[in-house]
Amino acid sequence: MTDIHFASAHEQAAKIAQGEIGAEELLDHYLARIGKYNGDLNAVIWMDEETARKRARDADAARIRGDRLGPLHGVPMTIKESYNLVGSPSTWGNPAWKDHYPEKNALSVQRLLDAGANIFGKTNVPFMLADWQSFNDIYGTTNNPWDLTRTPGGSSGGSAAALAAGLSGIETGSDIGASIRNPAHYCGVCGHKPTYNIIPGQGQKPPGIVADNDIAVLGPLARSAFDLEIALDVMAGAGSPQNSAWALNLKPARHRHLKDFRVAVMTSAEGFDVDNDYQAALNGIADKLEAAGARVSRTARPDIPIAAAYETYILLLRAATSGALPDAQLERFRKITANADPKDKSYLTLMARAGTMPHKEWLRINNERHLMALKWAEFFGEWDILICPSAAGPAFPQNQKGERQDRMIDINGTPQPSTDQMFWAGYSNMVDLPSTVVPAGVTPGGLPVGLQAVAAYGEDKTSLKLCQLIEEAFGGFTPPPGYD
């Protein structure tokens, strides 16, 4: 029991199946750890111990009968607050929805329950899932277990912090602007952003919304890349009514051994600097891949202008999220757009243009996105994976003042807007590609960093396999100090 809380979900499920630990015993262990550590972290913000205990007892009884409930049989887990779970609030950190209790489980939640997972709590998010910090007026601020003064990331910040501190067996997230990848990177855990729409978004939407959003996806977080694949297989597949028309059939991984992979490594981009220690960690992984026999290039890239990729992503992203803008904000954005220099590519100006653009303009930008997708497809004709950063640097100090684009972070001694690092969020995400984040090491300053492995459309299994091989060969999750 000394380190079962840091074991992978598949290891926990195996121990439960073999009778080495009971599902209720493991649940009690996690509840005790939450009692001990969650006060400072504020990662888990809601729990239902009674229902979880009944579910755990049912899992133990099933094992005694010789029944197996699924690949996550008895594993205690928490889920991101924005996922609908009957009996729990789903507020998105918005005080206007503090009394929103859904009447039906999200499809992904139901699939996880059906796979044997024991969902016992929920984890914190930023207001409307719109920040790389996780704080709101309902639940307060979540801190990073590696350094309580720093952000755990967002919007799945509570998810990643809970995993890193050993408060949950496996987790769920969502991602439109690195909201899975960024917290995994900041907290030293694993996350998978799937190919667009292979996991249905049903039940992970604001109240009254049923339409899917552009770019946004659901996906798992875990302490092992092997768990990511298990959870992806559970969560993925057509949702109603589409399940009557198609079935998901993801391509197998391109290779089974490190020596067979063709890996491009991109540690920085013109105009979007990356912390030197972080770059060194990524280059260190690249060196190890090369030593293992993989073909590695430090210069191969998709043939896409960097500045154009950032501009296109921000316009698409902020158009996709513009439906939630209040009238006063829309009026402010109209004024900003009317007075802006046409050459102004600042984040605020791009956001204002995106929120007020005519549909014809959106169609033009969408076409640019599809042209970029073709360039990515050409790139993956020669290369299997692009390894790149998840953000500009390790977790930054909490800063909740002002608007997001006005908050500065220190990168190599130079302040830059925190929104500049969103380039790494959108470079591949706006063209619907899958990417997996796994630990790449710890900086000399004692903070974890993660590598982002991007794969071709529909080839989630390829990025997952490479990351699993990296985990096996070079090591994976390392617990933060102080959470024994």
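The model is predicted: local features need pLDDT of at least 70 and side-chain atom pairs count only at pLDDT 80 or more, while totals for chains, interfaces and linings use all residues. Residues are numbered from 1 along each chain as its sequence is written, and side-chain values use heavy atoms, with hydrogens and water left out.

**Overall form**

The protein has 14 helices and 15 strands; these are DSSP runs numbered from the N terminus, with helices (H or I) of at least four residues and strands (E) of at least two. A compact globule of 484 residues would have a radius of gyration near 23 Å, and the 21 Å of the protein agrees with this. That radius is taken over C-alpha atoms, and the globule rule is 2.2 Å times the number of residues to the power 0.38. Along the principal axes, the C-alpha atoms fill a box of roughly 70 × 55 × 50 Å.

Of the 484 residues, 60% count as buried (buried is under 20% relative accessible area, exposed over 50%, partly exposed in between, with a 1.4 Å probe and protein chains only). Among contacts between residues at least 6 apart in sequence, 76% join residues at least 24 apart; contact means heavy atoms within 4.5 Å.

**Individual residues**

Arg57 lies in helix H3 (residues 49-65) and, at 48% relative accessibility, counts as partly exposed. Arg57 and Glu25 are 32 residues apart in sequence, and their C-alpha atoms are 9.5 Å apart in space.

Trp92 is not a glycine, yet has a positive phi of about 60°. Trp92 sits in the loop between strand E2 (76-80) and helix H4 (107-114), and its 9% relative accessibility makes it buried. Met128, also a residue other than glycine, has a positive phi near 60° and is placed in the loop between strand E3 (118-123) and strand E4 (135-136).

| Cis peptide bond | Omega |
|---|---|
| Gly154 to Ser155 | near 10° |
| Ser240 to Pro241 | near 0° |

Ser155 is in the loop between strand E5 (140-141) and helix H5 (157-164), whereas Pro241 is in the loop between helix H7 (225-235) and strand E9 (262-265).
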